[in-house]
Structures are given as C-alpha cells and as structure tokens.
Amino acid sequence: MTKKQQQPIEVFMPPNVLKQKVGGTSASIDMSAVKRAEQALETLKTEFGDWIAADVQMLSASRDAFAAEASPERQGDLYRASHDLRGQARTFEFPLVERVATSLCRLLDAPGAAKAIALVDAHVGAIHVIVRDKIKDRNNPMASTLAKELETRVGEFLAQPARS
Amino acid sequence: MGYRFDRLRILIVDDNLHMRKMLSAIVRAFGVATVFEAPNGVQAWSKFRDLNPDIIFLDWMMPGMTGLEFARLARTSPDSPNPYVAIIMVTAYTQLEHVHQARDAGVTEFLAKPISANSVLARITAVIENPRSFVRTPDYFGPCRRRRNDESYRGPERRGAGVTQRAAGSAAAENRGTA
C-alpha cells in the first residue's frame, strides 16, 4: 500500500451557509422572478444583433491571426471565439450559427487543424453569411445544407489518418 | 416565505461581456442586489478574495487561467477565503468527459449554454437546497463527486477502508483547503 493510499479519506458536510442566508424553501419561490428575468432577457434582445456581430468580428480577427501564424495560442484564441458563438448563438436566435460553430470547434479541437485552413475559412464564411442574411430559421434549406456539408467535411478531415 | 435572494452576493466570471450581461440581468431580476463581474481568472481570484461571494458563475474557456484552474485554486489554495463556495460552471461543453473534468476540479453544479432564466434559477436552487458533502482525499478536495447516495447499494465501500465521516457543522472551523 502506498503512502497516499494509507492517508484517510474524509467526508463531511459543511454548514449550509447559503440556506441560512436566503431562508425560505424552493416550494415558495416567487415565480414572478422568472418572469422578470425573462423580461430582462427580452429587453436585452434589442442588443443581440450588435452582440452577435461583435462575436463574428472577433471570430474573423482570430481567423486572420491564425492564418498568419498557426501557433497553439492563436488556435486557442480562434477556438474560444468559435466556442463563444457555439454557446450563445441560439440565445441570440441564430441556431444555425451555433451548429456551424460547433462543427468549427470540432475541427479546431483536432491535431493538424492548421492544415485545414480552407475548411476553417468555409466555416467562418458560412457564419458571416447566416448573420448577414439574418437567417434565424434552423431549417433554412440553403444554410442547413451548407451546415451539413461542413459537418461532413470535418468528419472526413478527422478520419484522415496522417493529418497531424 | 420565498428566498431572500437580495442577501446573496454573486460573482460572474466570463471573458465574454455579453454572457456577463445576460447572467447579471437574470440574477438581478431574481432580486440579487450584489453582483460582481470579472473578465478573467486573475481578476476573478482577486474579487473572490476581496469580496467573498456566496456563489460563483464560472466560464470554462477563458484566456490565461481557465475556469477549471480557478475552481481548483478556490478549493485548495491556502489563500482561498471560502473553499466551500458554490461554483456553477457555465459552459457550452456538455459531453460526459467535460462534466467529469469539471467535477474533478471541484465544481458544484454545471449550467449548459445556452442559458435561460429557468436553468439559472434551477442551479441556484440546487446549490441552496441540495448542498454536496465535501471530500478530502490525498488527490482531491471539493464537493463529493458522487451525485447521489444509492441506498440499495450493498457492495463494499468503494473508497476503501480509511473513510471517516464527520458530523454536520464540524467543518465550520475547517482550515482552508489543505489537500
């Protein structure tokens, strides 16, 4: 038995300070609070167009930096920009941007992504077009076909044995 | 009586300004009066130490210190003001391997993006009503990584023989994350 294994494992319940602080019970949650929060999000919706435009601009800038120098840091920046869109685009009412950004994250997660800069560009271009044309319907025939094609190409790239 | 959310102090950590705005708008609408924001792990650590929030909404992917690194620091650093702080990881990662990574870093709850008023409320309610027991092992300090106690389990204690259980409240004088 190693020294680590000999050390005891301690399990304990810290005092529930949060509960002491807020009191009440979940059964008595004021559901109007949820309505107020939804209204707050509705108010923010007027800004969503500008927000997604800013996120797409960040994606383009990260793409340019990655194309100029395919370092792990710049790949990380591009991944983060894509990951932000993946996480927020549906909230901003652009579900197909979420789908394309998810595909781009999958590509950038793989070793050798720098060799697929054309495929990276195709994703960034698709996101640009979807936002520019305000395509908010996830079933839009042109955009969903494009998203499916990009997903297929990423799958093919990832299946290549010697990509790294 | 409903929760007194106005008594909560919440820290929102995300490098994306828009996500911080949305989360802040949601928790303020719930009645939380004291909301702090930080755009990266370093500033978050400083605010955590200075302001001692009750709940931290933590983004995973940030430049510099990641959310996972922040969570580990909050749990185990001798400088942590509260190693038991409720940490809600907010992320677009939803695969099981990511949930396991977050769990192993000491995250209390997992909130998948895109967020909604209901999903945020559900996680806040979870950390208030269903606090996790804490575990100290040679390799880990943080919330118990088992989501539930299986009362019907009749097998051997899987953590091994050296498990000690402490009573509720005895952790009050717990030192700050020595694992």
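Guide: Five bridges join β3(B) to strand β4 (residues 86-91) of chain B, and the two run parallel. Helices (H or I, at least four residues) and strands (E, at least two) are DSSP runs, numbered from the N terminus. This is a predicted model, in which local features need pLDDT of at least 70 and side-chain atom pairs count only at pLDDT 80 or more, while totals for chains, interfaces and linings use all residues. Residues are numbered from 1 along each chain as its sequence is written, and chains are lettered from A and ligands numbered from 1 in the order in which they are written.

Visitor: What makes β3(B) and β4(B) a pair?

Guide: Two strands pair if DSSP finds at least two bridges between them, and here there are five. I56(B), for one, stands opposite I87(B) in β4(B). Four bridges also join strand β1 (residues 9-13) of chain B to β3(B), again in parallel.

Visitor: Why are α2(B) and α3(B) called roughly parallel?

Guide: Angles under 35 degrees count as roughly parallel, over 145 as roughly antiparallel, 65 to 115 as roughly perpendicular and the rest as oblique. Helices α2 (residues 41-51) and α3 (residues 67-76) of chain B pack at about 25 degrees, and are therefore roughly parallel to each other. The angle, on a scale from 0 to 180 degrees, is taken between N-to-C directions of axes fitted to C-alpha atoms over the stretch in contact.
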